[in-house]
Each structure stands twice: as C-alpha cells, then as structure tokens.
Amino acid sequence: MARGCLTSFLVVVGLWMLRCDGSLLPGVAPDEYPEGSGLEILAHKLISDRTKIPFDYYALPFCHHDAKHPRTRINLGQLLMGERMRPTGYTVTMLGDTPCEVLCASTFSKDAISKLKRLVKNEYRVRLSLDNLPVVEKRGTSNHIGYPLGVIQDDVLYFNNHVRFIVLYHRVAATELTDDIGYRVVGFEANTFSVQHGPLQLGKRPGTCDHIEEQNPMELRGESDTEVVFTYDVVFKESDLQWVTRWDALQKAYPGRQKSQWIAIVNSSLLCLFLSTLITFILLRTLRKDLVNSDLVASDLDETGWKSLRRDVFRPPRQHILLSVLSGTGVQLVVIVAITLQIALLGFLTPEYRGRLAMAAVTLWILTSALAGYTSARVHGYMDGTRMRDVALGTAFIVPGFVFSVVFVINLLFWITGSVGGTPVPALFILLLLWFCISVPLCYIGAQIGSRRKRVDPTSKYSSIPREVPDQVRCPSTGFGS
C-alpha cells in the first residue's frame, strides 16, 4: 500500500514538473496564425558577450507595457537559468505592415544616460522574442542574437530609438480538414536606427518617420535630462523556410554539416566500443588466469610485481564512507547525463522551448536519488561497512549541498550587481522543498534496499595485516653538466 502511494506521488510530481501543455513532445503542430491575428513580442533581458551578466529589460526607462496586460508564465527551468519574459508595447498583427509607429516618449535622466553608456561600452544587446524565436541582427551571412543599444563616438552616445522588425513567415495551404489558410513565423529580425525625432504632437505622426535612414541621429550627452521618442515599424516577408528548420540558421546546423557530424559521431562511438570491449576481454582473461594461479601458491615468496599487492587490493580505505558516497553520486550523475542525452537526441529538448533542459536535469536528479542511495549502500557493504545511515545521509547532502552552496554564492553576486541572471528566491525555496521532501527520502529508501541485498564478496581476500609500504627513494636532481 505504501509503495503504491509513493509511486503514484512520484508520477504526479514528475508530470507536474514536466508540464508544458504538450509543447515538449516532438511532432506537435506549430502555432498557425490567420491574417490579422495578434502577435506578441516579449522582452527577455539585456545580454552581453563580454560581461556575461544580464540585466532586466526595464532596467532602463524603456516604454513599459500596459499594466493590465497579464504576465507570461515561465517554468522552473527558465527561472533557474535566469530567463525572463515580459510583455512589451509593440503592436504586431499577422501580415500587417506598420510603416512607422510611435511607441512612447520617455525621459532619460542623467543617471539613466550614464548607465546606458556603461551598457553600450560593454556591448549589451536587447533580446526580444516572437513566437519563441529570438530577434536577430543580420551581419552579412551571420546572425547575432539581439540588437545593439547604440554606439559611442567621441564620448557621445548615439542611441538606437527606432527598430525595424522583419517577420519572416511561411504560408500553409488549406487542407482537407480545414479551408483556412494559416501562416507560421519562421524568422524574426531587427534593424536599428538612431533618429532625432522632434516634439510629439497629439494624433500626428512625426515627420522624421519619413526616410528614417536620412534623419539626424539621436544624441545623448548626459548633460541634462533628455526626452527620447521610441518608434518602430514592422515588415512581413514571405519565406520558403520550413517551420521545423527555422532554428537551423541560428544554430548553423545545415543539412550537409549535420550529416557529416552524425557520421563522425557514429564512427567514433563504434570504434571506442569495439576497442574497449577488446581490451576489457583481454584484461579479464589475463587477470582471471593470474588470480587462479596465485590462489594455488602457498606462500608469497615467489610473487613479484602487482601480485605482491593482491592481498591488499580490496582492503577498505580509511575514508570508505566518503568513497561510498562519491560512488553513489557518480553513478547518479552518469545516469542523469545518459538519459538527458537520449531525451535530447529524441527531440524532446529543443531550443524552441527554453528551460526544458534544466527541468529535465532537476527531475532526473530527484528520481535517481534512490539509485544513488542504493549504489552507495552496495559499495559500503562491499567494504564491510556498518554505518549505513551515515552513508545514506552523506549521499543525500554532501554533493547536493556543495552544488547548492555554489549556486547560492553565484546568485548572491548576481543580486548584488542588480542582474536578473540569478535564480529568484521562490525558485530556490522550491528546490529546497524538492531536495528535503523528495530527494532525501528517496535516497534513504534506496540505501535501505541496498543494505538488505546480499553482499558481493571480493575476488581476492585481503590479509589481516596490511603490507608495509617501503619509503620511496627520491631521484637526485642532476644538471646538464653533471
């Protein structure tokens, strides 16, 4: 009865942690938008390849979205990875080109301009997304995620206050089941401009919206508060790119390169498997023969080389509890990595849905806690250990506690710098609950099961008296002239 309740509880917890409205499963139909339907542009954060410290999109006085707009929900994995998804004020409708639209007018204080200059010097970029696709800036044949905030020339900041969004779409023909024609988003690009708009007049479109490329740039010197007018336009372009391959341009995973990579992976794996099996077979035959012959010898007088240590090979070390704990944790990590790779190869973990990798890792860590406890108990019993409770608690707390401490210190540094890359306190609290309420009991249950299994005897018994290790003779240091 108790085991059935525990199994049902674990299944419910696993399904809750992996809930994703079916979007994680491969083969799910993509989102199709009819003409005129609304598209939502979400703001993630400000990123930089130089500092690796992200900041909130609204850390600067950008145009805030309507307070009545509901916030987009994110999963635990996105919280752990520092992801944020906030609505923006951009209005986009499918196939609705927008020539030039005023977003808002915001006042930048001297402190805000100074902060903006620091971000531009560190090459920070704005990261937005549309239909789970990050916005990219095309530079020749390469794509760069996000678009720049501006440039600094002669200590003058030229701020990019106009953004031209280019939405690539793929037309889906009508099928037998429906006569509606849908459109799928297969690309999201952005071109930025610095435009010195004049004062806004109610109900009128700025005259600087005409010929954006020829207008004077927007200068922010930081000598006084400056009003900045944000504008944008939207252009839709039809593309032959399929929805299933829309991430290839970002990952640079072209079909020819993918095929060559798979061939190299398969060849390397088969070669390693063959050589490992061959070497293991040869070593096992040699060692088995030597062990059988060595057991027939009555004395150790004729033993040389590694055979002289055969009575001490399986002697339990002084820190046998720590060895048992690390062995169980190591097996747990190997299983987590193997299962995660298999799930990724099957297409369950795609960049289309961020945070799923972290969610899968946390879920597997919890579910394999019983395996870690079981392995630690088996290794501890192999070394004639009797402190099974210490081994179980050490497996549940030593390595996870070290990892959690490192994560907490890193998050503390993020919080001090005001970055959004850190994990929020509620997410850390959820991790603690999963750790103490599920992982620790499972680890203890696995250790109890492992301690009740039949002990595995070593292939060679160790002597009651340890062999003395002779003092090592150090090689004298000699110079080239000696």
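**Reading local features in a predicted model**

Tutor: Glu219 counts as partly exposed, at 31% relative accessibility, and this value, like every other one discussed here, is computed from a predicted model.

Student: With which residue does Glu219 form a salt bridge, and how far apart are the closest N and O atoms?

Tutor: The general idea is that side chains of opposite charge can pair when their charged atoms come close. In this case the partner is Arg221, with 3.1 Å between the closest N and O atoms, and Arg221 is also partly exposed, at 46% relative accessibility.

Student: How many salt bridges does the count come to, and which parts of the chain does the pair of Arg86 and Asp56 link?

Tutor: The count comes to seven salt bridges. One of them joins Arg86 to Asp56, whose closest N and O atoms are 3.2 Å apart; this pair links distant parts of the chain, since Arg86 belongs to strand S4 (residues 86–87) and Asp56 to strand S3 (residues 55–56), 30 residues apart. Asp56 counts as buried because its relative accessibility is 15%, where the cut-off for buried is under 20%. Another salt bridge pairs Asp390 with Arg387 at 2.9 Å between the closest N and O atoms, and here Asp390 is partly exposed at 35%, as is Arg387 at 47%.

Student: How many aromatic pairs does a search of the whole structure find, and is the pair of Tyr57 and Phe62 stacked, tilted or edge-to-face?

Tutor: The search finds 18 aromatic pairs. The angle between the ring planes decides the class, and Tyr57 with Phe62 is tilted, at 45° between the planes and 5.0 Å centre to centre. Both Tyr57 and Phe62 are buried, and they belong to one aromatic cluster together with Tyr58, Phe108, Phe159 and Phe230. The rings of Phe397 and Phe436 have centres 5.7 Å apart and planes at 50°, so this pair is tilted. Phe397 lies in helix H9 (residues 388–417) and Phe436 in helix H10 (residues 425–452), 39 residues apart; Phe397 is partly exposed at 31%, and Phe436 is partly exposed at 43%.

Student: What is the phi of Leu95, and where does Asp131 lie?

Tutor: As a background, most residues other than glycine have a negative phi. Leu95, however, has a positive phi of about 65°; it is found in the loop between strand S5 (92–93) and strand S6 (98–108), and it counts as partly exposed at 23% relative accessibility. Asp131 also has a positive phi, near 55°, and lies in the loop between strand S7 (125–130) and strand S8 (133–134), but Asp131 is buried, with a relative accessible area of 12%.

Student: Which residues make the nonpolar surface patch of about 880 Å²?

Tutor: The patch is made by Leu271, Phe274, Leu275, Leu278, Ile279, Phe281, Ile282, Leu283 and Leu287, and the place of Leu271 is in helix H5 (residues 255–295).

Notes:
Residues numbered from 1 in each chain as written. Predicted model: local features only at pLDDT ≥ 70, side-chain atom pairs only at ≥ 80, totals over all residues. Heavy atoms only, no water. Patch = residues over 30% accessible without salt bridge, like charges linked within 9 Å, V, L, I, M, F, W, Y side chains within 5 Å. Areas by Shrake-Rupley, 256 points an atom, 1.4 Å probe, with all protein chains shown as cover. Salt bridge = Lys/Arg side-chain N within 4 Å of Asp/Glu carboxyl O. Helix = DSSP H or I, 4+ residues; strand = E, 2+ residues; numbered from the N terminus. Phe/Tyr/Trp six-rings, centres within 6.5 Å; stacked < 30°, edge-to-face > 60°. Buried < 20%, exposed > 50% of the residue type's maximum accessible area, 1.4 Å probe, protein only.
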